[in-house]
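Let's take a quick tour of this protein chain, from its overall build down to a few individual residues. Keep the 3D view open as you read.

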Amino acid sequence: MKHFNFKNKAFIPFITAGDPDIETTKELIITMQKAGADLIEIGIPFSDPVAEGLTIQQSTLRALTKGITTDDIFEMLKSIKDKITIPIALMTYINPIFTYGTEKFMKHCKEVGVSAVIVPDMPFEEKNEIYDECKAQDIKLISLIAITSKERLEKIAKEAEGFLYCVSSLGVTGVRSNLTNDIGQIIKQVKSYSDVPCMIGFGISTPEQAKQMSEISDGVIVGSAIVKIIEKYGINSPKHVEEYIRVMKNAIQ
């Protein structure tokens, strides 16, 4: 199956693996699935997260300070593989994949139940750097589009797999009070080329924003707002994240 099959509007939460610790990450994944998440995006901590705003940068730093490695994350995912029934996507950068070894990385993804990878610093035109290894392991390589992608839109849309990550605004991730509606026009265009589910991310934090964005897309991705809850409550965060996801999920149905 080329695309993920989301029955309703999808809610995709993001967390940074290892923040506040790897055991809490494990608990968070199970809890978020229970709360109604349709896919979970897990960030691999990296020292130079260029697409991230301050909130996620700080969560990455907390995880790295704990000494979290990519192998720790794979081990953690392997330990809960049998409990997870929704897709898991790993968000990372191209450098950590190359350093780990692309073929080895994708094989481990497959072994631990990861369905997709998101690599925000890899331009669409350079996806062949890792695409063959993804395909060999049936790992979907998620494409990103922004309001600046107009000229390349048809090609990206037709080649997209899994879902299309639609960046709601220019700049890095983070909570915003206002979101641009230009992305709605872009999604309309995408839909004329492909039936790929379009998810809007970057800046969504409130139920109102989630509802607004879900009306012009197939679902929403929320990161910084969830990471802030984890920052505030630490090892006690899973129950608070669960409440937040239930509220957000209800807002988009």
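This is a predicted model: local features need pLDDT of at least 70, side-chain atom pairs count only at pLDDT 80 or more; totals for chains, interfaces and linings use all residues.

The chain has 11 helices and eight strands, and 58% of its 253 residues are buried.

**Overall build**

- A compact globule of 253 residues would have a radius of gyration near 18 Å, and this chain comes in at 17 Å, which agrees.
- Taken along the principal axes, the box that the C-alpha atoms fill is roughly 45 × 40 × 30 Å.
- Look at contacts between residues at least 6 apart in sequence: 74% of them join residues at least 24 apart.

**The nonpolar cores**

- In soluble globular proteins, nonpolar side chains tend to be buried together.
- Here the largest nonpolar core has 68 residues, and the members that touch the most others are Ile29, Leu77, Leu90 and Phe105.
- Apart from that core lies another one of 22 residues, including Ile142, Ala146, Met199 and Ile221.
- So what does Ile29 touch, leaving aside its neighbours within four places in sequence? Its contacts are Ile15, Ile40, Ile42, Met76, Leu77, Ile80, Ile84 and Ile88.

**A closer look at Ile88**

- You'll find Ile88 in strand S3, which covers residues 88-91.
- Is Ile88 buried or exposed? Ile88 counts as buried because its relative accessibility is 4%, and the cut-off for buried is under 20%.
- Ile88 and Leu39 are 49 residues apart along the chain, yet their C-alpha atoms are separated by 5.8 Å.
- Again skipping neighbours within four places in sequence, Ile88 is in contact with Ile29, Ile40, Ile42 and Leu77, and also with Gly113, Val114, Ser115 and Ala116.

**The second largest pocket**

- This pocket holds about 310 Å³ of space.
- It is lined by 17 residues, and Ile86, Pro87, Gly113, Val114 and Ser115 are the closest to its centre.
- Which elements give two or more residues to that lining? They are helix H3 (70-80) and helix H5 (102-112).
- Sorted by class, the pocket's lining has 10 nonpolar, three polar and four charged residues.

**The cavities**

- Rolling a probe the size of a water molecule over the atoms shows where empty space is left.
- How many cavities of 30 Å³ or more are there? The count comes to two.
- The second largest cavity has about 50 Å³ of space.
- Its lining includes Phe14, Thr16, Gly43, Ile44, Met91 and Tyr93.
- Strand S1 (10-16) and helix H2 (54-65) are the elements that give two or more residues to this cavity's lining.
- By class, the cavity's lining has eight nonpolar, three polar and one charged residues.

**Helix H10**

- Helix H10 spans residues 224-233, and its buried residues are Ser224, Ala225, Ile226, Val227, Ile229 and Ile230.
- Those buried residues pack against strand S1 (10-16), helix H1 (22-35), helix H2 (54-65), strand S8 (219-222) and helix H11 (237-252).
- After H10 comes Gly234, which has a positive phi, near 55°.

Conventions. Residues are numbered from 1 along each chain as its sequence is written. Side-chain values use heavy atoms; hydrogens and water are left out. A nonpolar core is a set of buried Ala, Val, Leu, Ile, Met, Phe, Trp, Tyr and Cys residues joined through side-chain atoms within 4.5 Å. Buried means under 20% relative accessible area, exposed over 50%, partly exposed in between (1.4 Å probe, protein chains only). Contact means heavy atoms within 4.5 Å. On a 1 Å grid over the protein atoms alone, a cavity is a set of points where a 1.4 Å probe fits but cannot get out, and a pocket is an open set with protein on both sides within 12 Å along at least five of seven lines; lining residues have an atom within 4 Å of a point. Grid points are joined across faces, edges and corners, and a volume is the space filled by probe spheres set on the points. Helices (H or I, at least four residues) and strands (E, at least two) are DSSP runs, numbered from the N terminus. Ala, Val, Leu, Ile, Met, Phe, Trp, Tyr, Cys and Pro count as nonpolar, Asp, Glu, Lys and Arg as charged, and the others, Gly among them, as polar. The radius of gyration is taken over C-alpha atoms; the globule rule is 2.2 Å times the number of residues to the power 0.38.
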